[in-house]
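Biologist: I am new to this structure, and I would like to understand the words used for it. Could you walk me through them?

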Amino acid sequence: MALVLSYRWTRNPVRLQEAFDVRVRSAQEEARFLKALESAPEEVPGHLCLIMGGFTDGLLGRAYALRGDLSALLGDRFDIYYREHDEIAAARRLLRLYGALSRCVVLVGHSWGASALARDVLPACRGVRTDVLVTLDPVGLRGPRFLPQVRRWLNVYLPYDRAAWSRENNVARLGRPWEFVRQANVNRVPSKLRHADASGMFREFGASFIRLSLMDSDCPHGEGR
């Protein structure tokens, strides 16, 4: 069972929490929220954006900080969720729920959370079309897999042969970074070679990739429902 450290944060869309009259600050409250979500009328959920954080992100919030960027980018048509890297079952549950409604899906992960999305979540949900996947310097003991249901995949990575031997980069080295991922549509190297800089990697490449990918699809983006 996942050890969740981020219940003090806004893990689920505020709009839906208000609609279901549930304030999520514990596992029990989140269970009630998800039950209400699954039984809600089909028109209530929007489109899905799921952020998955890496190891210790429940404490440090490096991927969680992307909520603001993604909210501004996607507008209120997307329901933005956050989950930690080991909440595999929870991420699959959300993906299948929104997939059954034929909603647009945008997934963003950092570090271990990026590899969890690409290695553990998506392969178990092959029937769900994913419009955009963004992996920010994925790290994991097992390598990437081919994901035919993913329409557009951006992988941002550090080349560790020339990245600094800093504490944050060395932790990533121990976790086995994926670096270049041949299964991705696009691979990019950030200007700052800092594994912990999820926001920098996303702002440099991720935001524009999502915007262009959604412009080239039937998914809405920007302000307004």
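Biologist: Why is Leu48 called buried?

Modeller: Leu48 is called buried because its relative accessible area is 0%, and buried means under 20%, with exposed over 50% and partly exposed in between, for a 1.4 Å probe and protein chains only. This is a predicted model, where local features need pLDDT of at least 70, side-chain atom pairs count only at pLDDT 80 or more, and totals for chains, interfaces and linings use all residues. Residues are numbered from 1 along each chain as its sequence is written, and side-chain values use heavy atoms, with hydrogens and water left out.

Biologist: Which residues is Leu48 in contact with, leaving aside neighbours within four places in sequence?

Modeller: Contact means heavy atoms within 4.5 Å. Among the residues that meet this for Leu48 are Phe78, Tyr81, Leu95, Tyr98 and Val106. Tyr98 is 50 residues away along the chain, yet the two C-alpha atoms are separated by 6.6 Å.

Biologist: Where is Leu48 found?

Modeller: Leu48 is in strand β1. Strands (E, at least two residues) and helices (H or I, at least four) are DSSP runs, numbered from the N terminus. The open sheet has six strands in the order β2-β1-β3-β4-β5-β6, with parallel pairing.

Biologist: What makes β2 and β6 edge strands?

Modeller: β2 (78–84) and β6 (186–188) each pair on one side only.

Biologist: How do you know that β5 and β6 pair?

Modeller: Two strands pair if DSSP finds at least two bridges between them. β5 (residues 150–156) and β6 have three bridges, in the parallel sense, so by that definition they pair. Val156 has Arg188 of β6 as its bridge partner.

Biologist: What is meant by a nonpolar core, and how many residues has the largest one?

Modeller: A nonpolar core is a set of buried Ala, Val, Leu, Ile, Met, Phe, Trp, Tyr and Cys residues joined through side-chain atoms within 4.5 Å. The largest has 38 residues, and Phe33, Leu37, Tyr81, Leu95 and Leu133 have the most contacts inside it. Helix α5 gives the most to this core, with six residues. A second, separate core of 36 residues includes Tyr82, Val139, Phe209 and Ile210.

Biologist: Why would such residues gather?

Modeller: In soluble globular proteins, nonpolar side chains tend to be buried together.

Biologist: Which residues does Phe33 touch, not counting those up to four places away in sequence?

Modeller: Phe33 touches Asn12, Pro13, Leu16, Gln17, Phe20, Val22, Val24 and Tyr81.
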